[in-house]
Amino acid sequence: MSQAPATSLQDIISHAKEYGFVFPSSEIYDGLQAVYDYGQNGVELKNNLKAVWWKAMTQLNDNIVGIDASIFMHPLTWKASGHVDGFNDPMIDNKDSKKRYRADQLLEGKAEEYREAGQPEKAQELLNEMGRLLGAEDLAGVRDLIIAEGIKCQVSGTANWTDVRQFNLMFSTQVGSVAEDSSQIYLRPETAQGIFVNFLNVQKSGRMKVPFGIAQIGKAFRNEIVARQFTFRMREFEQMEMQFFVRPGSEMEWYNTWKEARMKFHKAIGLPAESLQYHDHEKLAHYANAAVDIEYKFPFGFREIEGIHSRTDFDLRNHQELSKKKQQYFDSEINQNYIPYVVETSVGADRLFLATFCNAYTRETVGEGEGQKERVYLKLHPALAPVKAAVLPLVKKDGLAEKAQSIAQSLKSSFRTVYDDNAAIGKRYTRQDLIGTPYCIAVDYQTMEDDTVTIRHRDSMEQERVHISELKDKIGYEVAMERILEVI
RNA sequence: GCGGGUGUAGCUCAGCUGGUAGAGCGAUAGCCUUCCAAGCUAUAGGUCGCGAGUUCGAACCUCGUCGCCCGCUCCA
């Protein structure tokens, strides 16, 4: 057995499409950029990943509960979170160098020059004018101002600028069926805010005591400037987030605890240690005082699959300010009221799916000499595989098919089982390998005599003979979610 | 958004200096078969990404457009 050439992202994309895991969205209309659909096998794998995450959070931890908040939220939510102001950037391109700049940063740079040149009044005047134009959303005015100030591109040295365009990372839509009565709202760019606005509801109705966590799985939407690398960066994506509310001052302790715990999770679902790494953030987001990514080694390099952030009390404090509703918790242990600090774990469901899929994709050269050939299979953890077992009659005749069908029927209520009698058995084994089915049950002539079958293991291709009555327990044990949860 | 590359069957690709489409694999049905994509027979599947233009004639040339890939820009 030797290792075949390195897997490219193209191999992954082709395999995902061919075997029903991921399809380009609206493909018959040439697709829609950065949007993908999960197919019949992909949805099973993704659901399994979501289920194991959900259980790892809400079942393994007494102090973590889940919610499912809406995608639509009150517009002030995004004011409080900083998304409205912080991610509404005016961009401008230089036509000669093709470099893109943030228009506000160009003007701020110019103001800085004035200040250094001993003209602070002029600097302030410029900043005021910029603020006025941006506030009025007068983008043409911003461009005029840049040209009037003689600002040039550092690369090309020219002032050959495009129009100023607004890049809002949030998608907006209208609520209200009648246009004149409608108001603009956003599709949430992160699920976290649904948790923050429900902090007190959950705390009070669940009699939760700090420290405690709220978990949520849900879709989020971002109008990314560029979207690439398959399902790694999509405009519509799914997050699995848990916000952990802690006593101020204890956040770093919890931050480190979750940093460890989350890495353990990724290893438990089968991602190898050598393909995972931490990446500490140098530049912290506006709300965080510590941040680390867990990165997975994709075919295109180490990239973030999960972020762990110490968010301080930024979000709750801002919600308290805008909503005028106290977001405080009374800690009876220390007899104090405070706004809890938050440690966030946020993993992309689609990224975890892609990491799992890339990791499972295995190409091996098997056999010797003339019999040598390439074998492709998905080495998925049995608990994650879309199909747990396939029941295959060796041949279709002599009652083997009927026998196999009744075995498949008897297993269906325990785990996802398929029956296949099409073509030669070798081909059927391969078909199951390609979608990662861990166990194939073959019904042969001996089965007709003594009710035993063979279980063929996907990774080793080895077979063992067991009695039909043992199948449910034996395979059921291996494919149970518990096999992952117990090692987290 | 810019630059470069690219688009032919489900997948991988061929298709000459323009003459109205092919292969392998896969799929489906049947035959055959006592265990790893076996064999045989048959079948289905493509307005060559889309739209214009040039031409007697365009998968091929020109322009536009859309998607994808690589790089840059952005990324809470």
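Apart from neighbours within four places in sequence, Ser310 is in contact (heavy atoms within 4.5 Å) with Glu251, Tyr255, Tyr287, Ala288, Asn289, Ala290, Val342 and Val343. The model is predicted, and local features need pLDDT of at least 70, side-chain atom pairs count only at pLDDT 80 or more, and totals for chains, interfaces and linings use all residues. Residues are numbered from 1 along each chain as its sequence is written, chains are lettered from A and ligands numbered from 1 in the order in which they are written, and side-chain values use heavy atoms, with hydrogens and water left out.

Ser310 belongs to strand E14, residues 301–312; helices (H or I, at least four residues) and strands (E, at least two) are DSSP runs numbered from the N terminus. Ser310 counts as buried because its relative accessibility is 0%, where buried means under 20% relative accessible area, exposed over 50% and partly exposed in between (1.4 Å probe, protein chains only).

Chain A contains 17 helices and 24 strands, and its C-alpha trace spans about 95 × 65 × 50 Å along the principal axes. Of the 488 residues in chain A, 49% are buried. Among contacts between residues at least 6 apart in sequence, 65% join residues at least 24 apart. Chain A is divided into domain 1 (2–72 + 186–357), domain 2 (88–168) and domain 3 (381–485), with bounds that come from an automatic or database domain assignment. The centres of domain 2 and domain 3, taken over C-alpha atoms, are 66 Å apart.

The surface near RNA strand B was examined next. A residue is near the strand if one of its heavy atoms lies within 4 Å of it. Of the 45 residues around RNA strand B, His83, Arg233, Tyr287, Lys373 and Tyr429 come nearest. By class, this surface has 18 nonpolar, nine polar and 18 charged residues; Ala, Val, Leu, Ile, Met, Phe, Trp, Tyr, Cys and Pro count as nonpolar, Asp, Glu, Lys and Arg as charged, and the others, Gly among them, as polar. Helix H1 (9–18), helix H14 (425–435) and strand E23 (452–457) each supply at least two residues, and H14 gives the most, with seven.

Individual atom pairs involve both parts of RNA strand B. A polar side-chain atom of His83 lies 2.8 Å from a base nitrogen, and an N or O atom in the side chain of Thr454 is 3.4 Å from a base nitrogen. For Lys397, a polar side-chain atom lies 3.2 Å from a phosphate oxygen.

Two loop residues were also considered. Gly39, in the loop between strand E3 (36–38) and helix H2 (42–59), counts as buried because its relative accessibility is 6%. Not counting residues up to four places away in sequence, Gly39 touches Gly20, Phe21, Val22 and Phe23. Glu333 lies in the loop between strand E15 (329–331) and strand E16 (336–338) and is exposed, with a relative accessible area of 69%.

Notes
Polar contact = N/O pair within 3.5 Å; in protein donor to acceptor, adjacent residues only side chain to side chain.
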